[in-house]
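Colleague: Could you take me through one part of this model slowly? I would like a close look at the aromatic rings, please.

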Amino acid sequence: MKIKTFPIAFSWLVSIAMGVVVWLPLNALNEVLGNPPNDAWSLWYWIGYPAILVVAAVLGYLAPGEVWRNGPAAVFASYVAALYLVPQTGNLLPFELLWMGFLSVLAAWVGKTGKHLKGEG
């Protein structure tokens with residue numbers, strides 16, 4: 001059975017959208033829990049980042065081309081969204097960008113693993 005793939009531009013859109021959209025429920029959950037607004041990052045590490053990794057793996061499996069870029073695109077899109085949505089994000093910008101780069105390495109590897117599981121890696 002051949003699995004259908006979709007255009008690489010669509011996988012980029014899904015990755016970037018996932019990075020941005022992941023903050024909406026996390027901010028709402030953070031508010032329901034009564035935490036300060038900048039504590040949303042702890043929810044991102046436990047819920048948002050694993051969700052981004054799952055999406056990167058699925059896109060790695062379904063999308064053609066260089067899928068390793070999808071995970072880092074989602075991570076950096078998530079960081080850009082956090083700059084606008086989470087207070088006090090960006091006060092250590094160089095360190096935060098390095099940390100996002102570090103987290104992007106795992107996201108890229110997960111995307112490649114999805115491609116490898118398909119038998120094309």
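**The aromatic cluster**

Modeller: Ring pairs link Trp-23, Trp-41, Trp-44, Tyr-45, Tyr-49 and Tyr-79 into a cluster. Rings of Phe, Tyr and Trp (its six-membered ring) pair if their centres lie within 6.5 Å; planes under 30 degrees apart count as stacked, over 60 as edge-to-face and the rest as tilted. Please keep in mind that this is a predicted model, where local features need pLDDT of at least 70 and side-chain atom pairs count only at pLDDT 80 or more, while totals for chains, interfaces and linings use all residues. Residues are numbered from 1 along each chain as its sequence is written, and side-chain values use heavy atoms, leaving out hydrogens and water.

The structure holds eight aromatic pairs. Helices here are DSSP runs (H or I, at least four residues), numbered from the N terminus, and strands are E runs of at least two. Both Trp-23 and Trp-41 are buried, meaning under 20% relative accessible area, with exposed over 50% and partly exposed in between (1.4 Å probe, protein chains only).

Trp-23 also pairs with Trp-44: their ring centres are 6.5 Å apart and their planes at 5°, so this pair is stacked. Because Trp-23 lies in helix H2 and Trp-44 in helix H3, the pair ties together parts 21 residues apart in sequence. Trp-44 counts as buried because its relative accessibility is 0%.
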